[in-house]
Amino acid sequence: MKRTILKGTVAFLALMTASGALANDYNSGVVTKAPSEVFTDVEFGSNWYIRGDIAYNIDGREDRGISQLTLPDGTLASIQGDYDDAIAVRVGFGNYVAPNIRLEATVEGLFNSEFAGTGAQSYAGSRTTTGTPAVTVDFNSVGLITSSSDPLLVGTTTAPISGTSTTTADYASTNLLLSGYLDLPSFGSITPYVGAGVGVARVSFSQTTTFTCTAAATETCAFPAGAQGATAEISLRQDEDFWGLAYQLSVGAAIALDERLMLDLGYSYTDIDSGDTINYSDGTAVEPDGFAVHQVRAGLRYNIF
């Protein structure tokens with residue numbers, strides 16, 4: 001009996017030992033592992049942002065400020081080229097190619113900027129004395145006598161006929177720019193930056209200049225041509241659309257409103273090169289000198305994550 005119990009006990013212990021070994025070798029398919037402290041965060045769409053701005057052009061002008069136009073009589077007329085302040089809008093998207101370097105593509109529309117002004121002008125013509133015998137003197141717009149019924153007056157000078165030149169003009173442009181920006185070290189939630197861009201601009205330009213020669217009783221205007229003692233007037237107009245290279249320099253600061261949205265405040269200087277020669281209605285021509293625009297702007301940047 002004791003032998004039987006002993007054999008049973010040995011068999012039971014052997015069975016338990018085998019069961020334990022099988023349990024150790026058993027794979028339940030459930031893997032447990034402590035989380036690693038090193039991981040890679042993957043985000044779709046990171047580093048991209050969109051933007052929108054409203055700008056105010058505080059000073060728009062032709063690069064030289066004044067254009068010289070050759071009139072049909074061979075004299076020169078000065079045409080002023082400063083323009084009123086105007087509003088502009090800009091939209092675009094960009095990418096952080098490095099933590100502090102951004103590339104950005106934008107489309108900017110400069111609304112119509114207008115100019116109107118009147119300046120003094122000198123004109124060529126003739127002057128006839130009232131004495132006996134009457135003497136007729138022809139002179140150009142700078143007062144040099146070109147001919148005279150009195151031979152003694154040839155080559156001397158006299159005053160030109162006075163008058164005015166009145167110019168009205170407007171221009172608008174659409175600028176396509178690719179810009180690079182360098183974000184400088186931040187101060188709290190404020191990140192200053194500098195940038196530069198290059199692209200093309202489509203400019204719509206219109207300008208009308210009216211020349212008015214005001215003759216005295218004994219004077220006759222040569223250009224614009226008129227009768228003795230009569231005021232003469234002529235208007236020249238230019239209308240043209242042209243493409244030009246555009247350059248832009250910018251400085252500003254971005255203020256973080258939350259983790260994705262930033263308020264962008266800045267200043268930009270934009271220069272648009274001259275385009276093709278512009279023809280006036282009377283057949284004369286002038287090459288536009290290009291435009292320079294100073295603007296302050298405010299907008300929003302939204303980071304896409």
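Is Tyr181 buried or exposed? Tyr181 is buried, with a relative accessible area of 3%. The model discussed here is predicted. Its chain contains one helix and 15 strands. Of the 305 residues in the chain, 36% are buried.

**Overall build**

- The accessible surface of the chain is about 17000 Å², and carbon and sulfur atoms account for 62% of that surface.
- Taking contacts between residues at least 6 apart in sequence, 67% join residues at least 24 apart.

**Nonpolar cores**

- In soluble globular proteins, nonpolar side chains tend to be buried together.
- The largest nonpolar core in this model has 13 residues. Tyr171, Val203, Phe205 and Phe291 have the most contacts inside this core.
- At least two residues of this core come from each of strand 8 (161–183), strand 9 (190–213), strand 11 (232–256) and strand 15 (291–304).
- Strand 9 gives the largest share of the core, three residues.
- Val203 is in contact with Ala172, Ser173, Glu240, Asp241, Phe242, Ile272 and Phe291, when its neighbours within four places in sequence are left aside.

**The disulfide**

- The structure has one disulfide. Cys213 and Cys221 form this bond, with their sulfur atoms 2.0 Å apart.
- The disulfide is left-handed, because the torsion about the S-S bond of Cys213 and Cys221 is about -85 degrees.
- Cys213 has 0% relative accessibility and therefore counts as buried.
- Cys221 counts as buried as well, at 3% relative accessibility.

**Aromatic pairs**

- A pair of aromatic rings is described by the distance of the centres and the angle of the planes.
- The count of aromatic pairs comes to three. Two of the pairs are described below.
- The ring centres of Trp48 and Phe93 are 6.2 Å apart and the ring planes stand at 40 degrees, so this pair is tilted.
- Trp48 belongs to strand 1 (residues 48–70) and Phe93 to strand 3 (residues 86–98), so the pair ties together parts that are 45 residues apart in sequence.
- Trp48 is partly exposed, at a relative accessible area of 40%. Phe93 counts as partly exposed too, at 46% relative accessibility.
- Tyr181 and Tyr193 have ring centres 5.5 Å apart and planes at 85 degrees, so this pair is edge-to-face.
- Because Tyr181 lies in strand 8 and Tyr193 in strand 9, this pair ties together parts that are twelve residues apart in sequence.
- Tyr193 is buried, with a relative accessible area of 2%, and Tyr181 is buried at 3%.

**Arginine over aromatic rings**

- Arg301 lies over the face of Tyr49, at 5.7 Å from the ring centre.
- Arg301 also lies over the face of Tyr193, at 5.9 Å from the ring centre. The ring of Tyr193 is thus part of the edge-to-face pair with Tyr181 and has Arg301 over its face.

How values were computed
Residues numbered from 1 in each chain as written. Predicted model: local features only at pLDDT ≥ 70, side-chain atom pairs only at ≥ 80, totals over all residues. Heavy atoms only, no water. Disulfide = S-S within 2.5 Å. Buried < 20%, exposed > 50% of the residue type's maximum accessible area, 1.4 Å probe, protein only. Helix = DSSP H or I, 4+ residues; strand = E, 2+ residues; numbered from the N terminus. Contact = heavy atoms within 4.5 Å. Areas by Shrake-Rupley, 256 points an atom, 1.4 Å probe, with all protein chains shown as cover. Core = buried A, V, L, I, M, F, W, Y, C linked by side-chain atoms within 4.5 Å. Phe/Tyr/Trp six-rings, centres within 6.5 Å; stacked < 30°, edge-to-face > 60°. Lys NZ or Arg CZ within 6 Å of the ring centre and 35° of its normal.
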